[in-house]
Amino acid sequence: MKKIVNPKSKGYLIEILNGLSVTLKHLLRRDIATIQYPEQRREYSDRFRGIHILTRRENGDPKCVACYMCQTVCPADCITIVAEEHEDPMIEKRPKSFEIDLMRCIMCGFCVEACPKEALIMSNDFEMATWTRDEAVYNLNKLMGRSKLAVSGLGFRPYYDEDQSSGKPTMVGPGPKDSFRPVYRDMLGRVDAGKLEAGTE
Amino acid sequence: MSEDLVKITIDGIELEAPKGTSVLEAARTIGIEIPHFCYHQDLSWSGTCRMCFVEVEKMPKLATACCTTVMPDMIVHTKTPKVIEARRAVLEFLLLDHPIDCPVCDQAGECKLQDYFMEYGLYDSNMQLDAKIHRGKVIRLGEHVVMDRERCILCKRCVRFCEEVSGTHALKVEYRGNHSQITTHDNKPIEDDYSGNLPDVCPVGALTSAKFRFKCRSWLMDSTDSICAGCSTGCNIRIDAYKNEIQRYVGRRNPDVNKSWLCNEGRMSWAELQNVNRLDQPVILDGGAQIPISWNDAMELMLKKIRKAGAAIAGFASAKMSNEELFLFRTLIQNHCGSGNLEFRADDEYELVEEKEDEVLRRKDKNPNTRGALDLDMGVAGRDAILKSAQAGEIPLLLIFNQDLLEKMPDAQAIFDNTFTIVFSPRRTKTAKAADLALPIAEYFETSGTFTNFAGIKQRFDKAVNGPGETREGWQVLKDVMMELEENITFGSTVSVTGALDEVLAAKADSIAKEEAAKQALADAEAAAKQKIEEAQKQAEAAKQQAIQQAVQNAKMEAEMEKEEAVEAAVEEAEEEFEAEKQKAIEEAVKKALEEQGKSE
């Protein structure tokens, strides 16, 4: 039960002073949460799911082999890939076009988890406001050459043991090997535990 | 139990299988699928992949189910630990040098290696990744096939296909043992009109389609059962489409028509049909230029023209139409308007409906539904008669349905000069361009219906994709026209049209059968009468013959008797004469003797 202040009694002045004292207390505080964005930027987690990055091979081509795993797994249906033949028969396939519609994207990161080639990772960049709708559809060039990456740094990606402090615009070379190993059961329900532990590539 | 059936037990289920079937086939009939790579329903047994191992009681070792025939009282186990262990081992060997490139492999999603690895394999490879032996990748074998030797498991399905089905013997296995590999003879590209089947036949990703390569992943596509409209054979196909674009045709198994196969021509026929030169909105010819109009205006114009023309209307159908469209078209022209000017034969191709182009599938008649059009009696008037009456100005309105009349009959230009022509066409053909009103209709994969193939088998096809622009399904347009003309029509889908059509066809078959029966009865009666007459004639003839014979015999006998008598008389006379002479001689001799006696005395 709250005490109702009678306006005629002038007792509300006390309440106003109470309120002002709270304001004054915060005015004098040193540990304020507000930062001066965009001059100042907050540090985000290494697992932050920002705008996507397509990583490159050493010669600058996209690592992507156009396997459509990301397109298949995408719950928002925002990835569109067109594949074509790669002249190197050991690579065989590459994306002719690769588009992510950031207006549809829900930043779930499934595409990164589905990618078998570590070709698609995410950055810490969350600034995706555009003047036109077309600009929000990121194509191959835009996804590979990300100018703001130096500022934001890498985000959600399959492996973290490499030191990716910040500002590396591309990931070069093969990533670390798969450390996750699912437990498989055969038709008889046996778990091949011994082999699973021993088998390291 | 008949003699041709063998009683066996598979996984505790007793069944009877025809003699000569394999254990794998017998197991299939009761829903037990035994894993296999080299076995194919329409190819010979080879037993090269060793994946179909099963345990048969009283056999010392595991047997390959695909080429072990069923024997009386055989007891087969398909899921024992021994069998599963053997399958795992086989898979491990098959995957020894297998490149783990499923993400870029077109077969992924419909690959048996993937499926069986998830079902039976699931081991960790003992092979180091960099110890795998690399073989040729992306080897182009002709126009339709790309080979990857690393993925090949040497099941030889492709080699058997070229030997047994297409008969070109284009592929072979060269070298022996671990060095074995599939290759063409003299490294020449495959020249085989059925080579498009090789990627379908390949259970893994070793042979992939050059045309479909990297176009779409298998799991993204929607599949629709359909019929190839490339010729009168009517091969069963599966249309795979992604986002309203057809990606490929795959042979659908039908042992009565095409088994599992398709010709290259039919397999690629969609590419041109779907995209090239499509008519995507109704157009009206105005002073030499084609001006787009709305469907509403087009329908209004068409109805006005049909009402005005009445019984003088003429219809030119085609063998590319489905049975349903043909039926509705015929009902409109014949029953509603009461016109006999109905025809579908723009050339003599219909005569070739059963002619084979080669020994496998293709036929010379390149229309899918010639048999259906013939069954529905679409060819009534004769194309020359229609041409002549159009030239004479007797036909005010001609409906041409999916028929490129000007291409097939160059002298048909007169029709377009003297008659108001309405052309239903999926593409901008010469005819559609010359038409006074051209209406865009769907191709066969954009609508549903049935085709009757050369052998009279009626086969249903379904809608796989939507037509471009404002195209409408042909049968719907015809149905709407008839509904507007107050015909009592309530068709909701092509299935109901097929029902009505079947009734008409059944009635026709019935009347034909009755006619035949009447004819037969008449013929029987005639034959019986003829026989009777013949018999009577025969009898008369026989009697006559007998009488003649009798007479002759009598005469002969008489003559004989007379002759005998005469002879006897002659003999008697001669004898008498002889006797007299003898007497005379004796008398004379006696006289002489007496005289001599007298002389001498």
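Modeller: From the N terminus on, the elements of chain A follow the order α-β-α-β-β-α-β-β-α-α-α. That comes to six helices and five strands. Please keep in mind that this is a predicted model.

Biologist: Why is H52(A) called buried?

Modeller: The term applies to a residue with under 20% relative accessible area. H52(A) has a relative accessible area of 1%, and therefore it is called buried. The residue is found in strand β1, residues 52–54 of chain A.

Biologist: Which residues are in contact with H52(A), leaving aside its neighbours within four places in sequence?

Modeller: Among them are I100(A), L102(A), C105(A), M107(A), L143(A) and R146(A). To be in contact, residues must have heavy atoms within 4.5 Å. In chain A as a whole, buried residues make up 31% of the 201 residues.

Biologist: What share of the contacts in chain A between residues at least 6 apart in sequence join residues at least 24 apart?

Modeller: The share is 62%.

Biologist: Why does I16(A) count as partly exposed?

Modeller: Buried means under 20% and exposed means over 50%, with partly exposed in between. I16(A) has a relative accessible area of 45%, so it counts as partly exposed. This residue lies in helix α1, residues 12–27 of chain A.

Biologist: What makes the nonpolar surface patch that includes I16(A)?

Modeller: It is made by Y12(A), L13(A), I16(A), L17(A) and L20(A), and its area is about 490 Å². A residue of a patch must have over 30% relative accessible area, and I16(A) has 45%.

Biologist: How is the size of an interface often given?

Modeller: It is often given as the accessible area lost when the parts come together. Between chain A and chain B the area buried is about 2500 Å², and carbon and sulfur atoms give 59% of it. In this interface, 26 residues of chain A are in contact with 26 residues of chain B. There are also seven residue pairs in polar contact, with both residues at pLDDT 80 or more.

Biologist: What kind of peptide bond joins Y37(A) and P38(A)?

Modeller: A cis peptide bond joins them, with omega at about 5°. P38(A) lies in the loop between α1 and β1 of chain A.

Biologist: Why is N277(B) described as partly exposed?

Modeller: Its relative accessibility is 39%, which lies between the limits of 20% and 50%, so N277(B) counts as partly exposed. N277(B) also has a positive phi of about 60°, although it is not a glycine. Its place is the loop between α7 (269–275) and β14 (283–286) of chain B.

Key: Residues numbered from 1 in each chain as written. Chains lettered and ligands numbered in written order. Predicted model: local features only at pLDDT ≥ 70, side-chain atom pairs only at ≥ 80, totals over all residues. Heavy atoms only, no water. Helix = DSSP H or I, 4+ residues; strand = E, 2+ residues; numbered from the N terminus. Buried < 20%, exposed > 50% of the residue type's maximum accessible area, 1.4 Å probe, protein only. Patch = residues over 30% accessible without salt bridge, like charges linked within 9 Å, V, L, I, M, F, W, Y side chains within 5 Å. Areas by Shrake-Rupley, 256 points an atom, 1.4 Å probe, with all protein chains shown as cover. Salt bridge = Lys/Arg side-chain N within 4 Å of Asp/Glu carboxyl O. Buried area = accessible area lost by both parts, 1.4 Å probe. Polar contact = N/O pair within 3.5 Å; in protein donor to acceptor, adjacent residues only side chain to side chain.
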